Amino acid sequence: MTAESAREFEALETQARTLMGVFAKAGYEAVAPAILQPAEIFLDVVGEDLRNRTYVFADPEGAELCLRPDLTVPTCRLHWERHGRADAKARYCYNGPAFRFQPTGTIATRPREFRQCGVEHFADPQREAADVAILKVIIEGLKAVGLKDYKIRIGDIGIFQAMLRSLDISDTARARLQAKFWRPEAFRRELAQLSTRPAAAIDGLPRALVDAIDPADPAGAEQAVVRYLADNSIELIGLRTAREIAASLMETVATARSAPLDKETATLIASFLGVSAPARAAGARLKDLLVGRGINLGAAIETYRNRLQLMTDADINCAEITFEADFGRNIEYYTGFVFEIVSPTLGPVTPVAGGGRYDRLMRAIGAGNDVPAVGGSIHTERLLAAVSDRPIADSTARSSGARP
Amino acid sequence: MTETLVLAVPSKGRLMEQTAAVFEAAGLTLRKTGNERGYRGELVGVANVEVLFISASAIASALRSGEAHLGVTGEDLVREEITNAETRVVLLKKLGFGHATVVVAVPQCWVDVRNMADLDRVAGLFRQTHHRRMRVATKYLNLTRRFFAGHGVTDYRIVESLGATEGTPAAGSAELIVDITSTGATLTANGLRVLEDGTILASEANLVAAKSAPWTPNIRAIENEILAKLGI
């Protein structure tokens with residue numbers, strides 16, 4: 001482990017035993033997934049923030065490996081390999097090292113090697129109940145080691161996705177926004193362009209080529225590209241074919257010829273993303289916002305409300321939970337409920353625990369189909385700092401929304 | 001013990017000659033001690049300076065570690081080899097040689113890709129079609145990652161290339177490249193074109209100071225003497 005004192009080591013071990021005890025008692029089976037992981041799978045699914053901070057290297061035979069930056073993907077792989085199929089029901093808990101490069105330097109609450117302790121719940125079709133069970137057991141763990149003061153922040157990627165699906169906009173515009181979903185900044189730019197001047201999409205492209213492209217005629221577009229390249233003595237090099245180049249141009253031309261998004265729709269999306277409210281009030285706020293525009297997100301909002309009710313039933317104090325519509329958009333594998341637990345000692349940029357639902361991750365790692373899955377984990381070094389009340393100033397970094 | 005300032009300069013080729021010329025013009029001579037093939041020397045004109053003749057990228061790492069107080073190397077290497085360079089070194093002076101621009105270049109036949117936003121979109125399409133991510137050949141791993149991240153481009157992977165990078169798209173071992181160019185002629189000859197907003201860095205040789213080097217008042221005085229002669 002890192003250069004820690006014997007006392008710190010013992011404190012972390014004791015804390016981990018307590019956490020694992022809570023998880024085991026709640027029915028989670030202890031596992032120890034591999035520390036070395038194939039790099040490709042991780043880099044494909046973890047999103048930009050973690051991708052840049054993962055230790056990647058080649059073994060003597062040239063295989064690309066990484067030191068796991070979190071334990072969720074390794075636990076998924078362990079589950080899939082163990083059962084030969086990913087949709088077997090299971091609940092796991094773990095405590096072990098994870099590794100992340102810290103570009104701003106390592107400090108006590110941002111070590112490059114830290115121990116993550118968490119739980120994962122696979123293949124339970126009762127999604128909301130499973131979401132709440134995970135949040136509940138994480139909170140129980142935190143309380144068991146003595147964390148008294150904390151705040152919970154939640155989000156729901158599902159509501160945002162449902163809103164995008166039900167907006168009355170062109171399929172091209174929807175596809176373009178959807179593609180930017182995981183990158184808030186790019187999404188904002190795309191929205192701005194679509195709602196002001198979609199025609200700008202073709203600025204700077206050769207006029208003759210654009211005029212020869214009909215978004216509904218792939219064969220014609222491909223011929224136009226081939227002709228344009230020949231006329232300008234440009235050689236077609238590399239793997240991308242004239243057909244691929246034509247398909248991309250068709251998309252751009254279709255965007256340019258579409259009507260601008262109406263102002264209200266753009267405003268609606270922006271106000272939707274701006275919703276940040278106490279968890280109970282948030283459901284009503286979202287509903288008002290959308291119903292007023294004739295958009296019915298009945299199922300998604302209902303899911304959200306059910307989940308809140310289940311939280312209340314599980315004695316989780318919903319009055320202390322904040323909902324943020326925009327939260328959870330920088331980890332590409334989340335698909336629904338997301339949460340983060342913050343201690344006032346460490347502040348909002350250094351959450352002590354976090355997690356969420358990731359129903360598409362099993363397919364992404366190669367399991368062949370989507371499997372309902374939700375999990376949460378605790379950054380144990382931070383938790384120890386929070387309960388031993390050693391404030392560590394860290395105002396420069398920003399929470400990534402990742403598992404801490 | 002006498003305190004010495006460690007100055008790292010390029011050990012060979014045009015960079016070494018041009019560095020020597022800059023110091024010469026300021027009345028300072030870089031002279032190797034011992035035999036001609038050695039890599040240590042002195043700065044004739046200022047006492048207590050130990051000159052290290054090492055490769056340009058070794059200079060960047062010596063500045064990162066603080067092994068050298070001052071060094072002459074390209075800004076491209078400083079930004080590539082030193083994480084958070086702005087907090088760890090000071091670029092004291094651009095020296096007017098070793099110009100090179102680090103750029104993102106794609107095949108000319110990619111008529112649909114004008115800029116980084118197009119590249120982002122096409123990277124997604126490429127991945128859907130080919131079931132793997134686009135390959136970017138480069139020796140600038142860190143500059144590429146940061147620049148691509150800054151433009152939100154994520155569907156790519158880097159193929160490390162230590163020579164003839166501009167030939168990789170035609171050879172089929174990468175889809176696009178990040179490399180240095182001066183006139184652009186080599187890129188054009190290889191059927192490549194720089195993206196509109198694809199300039200990552202306009203680099204040239206710099207005199208650089210390492211913040212983490214063991215600075216003392218005496219060594220500061222030596223530094224001031226050198227900088228004064230160089231007109232900084």
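Visitor: How many residues of domain 1 of chain B are in contact with domain 2 of chain B?
Guide: Six residues of domain 1 of chain B touch eight residues of domain 2 of chain B. Here, contact means that the C-beta atoms of two residues, placed from the backbone, lie within 7 Å. By the way, this is a predicted model: local features need pLDDT of at least 70, side-chain atom pairs count only at pLDDT 80 or more, and totals for chains, interfaces and linings use all residues. Residues are numbered from 1 along each chain as its sequence is written, while chains are lettered from A and ligands numbered from 1 in the order in which they are written.

Visitor: Which helix gives the most to that side of domain 1 of chain B?
Guide: Helix α3 (residues 75-81) of chain B, with four residues. Helices (H or I, at least four residues) and strands (E, at least two) are DSSP runs, numbered from the N terminus.

Visitor: And what classes of residue are on that side?
Guide: Four charged, two polar and no nonpolar ones. Ala, Val, Leu, Ile, Met, Phe, Trp, Tyr, Cys and Pro count as nonpolar, Asp, Glu, Lys and Arg as charged, and the others, Gly among them, as polar.

Visitor: Where do the domains of chain B run?
Guide: Domain 1 covers 5-98 + 205-230, and domain 2 covers 100-203. Such bounds come from an automatic or database domain assignment. The C-alpha centres of these two domains of chain B are 32 Å apart.

Visitor: Switching over, how is chain A divided?
Guide: Into domain 1 (6-163 + 271-387) and domain 2 (168-257). In chain A, the C-alpha centres of the two domains lie 37 Å apart.

Visitor: How many residues does each chain bring to the contact between A and B?
Guide: Chain A brings 28 residues and chain B brings 25. On the chain A side, α8 (184-196), α10 (218-231) and α11 (242-257) each supply at least two residues.

Visitor: One last thing: at what angle do α5 and α14 of chain A cross?
Guide: Roughly 45°, with the axes of α5 (residues 127-144) and α14 (residues 298-313) coming within 9 Å. Axes are lines fitted to C-alpha atoms, for helices over the stretch in contact, and angles run from 0 to 180 degrees between N-to-C directions.
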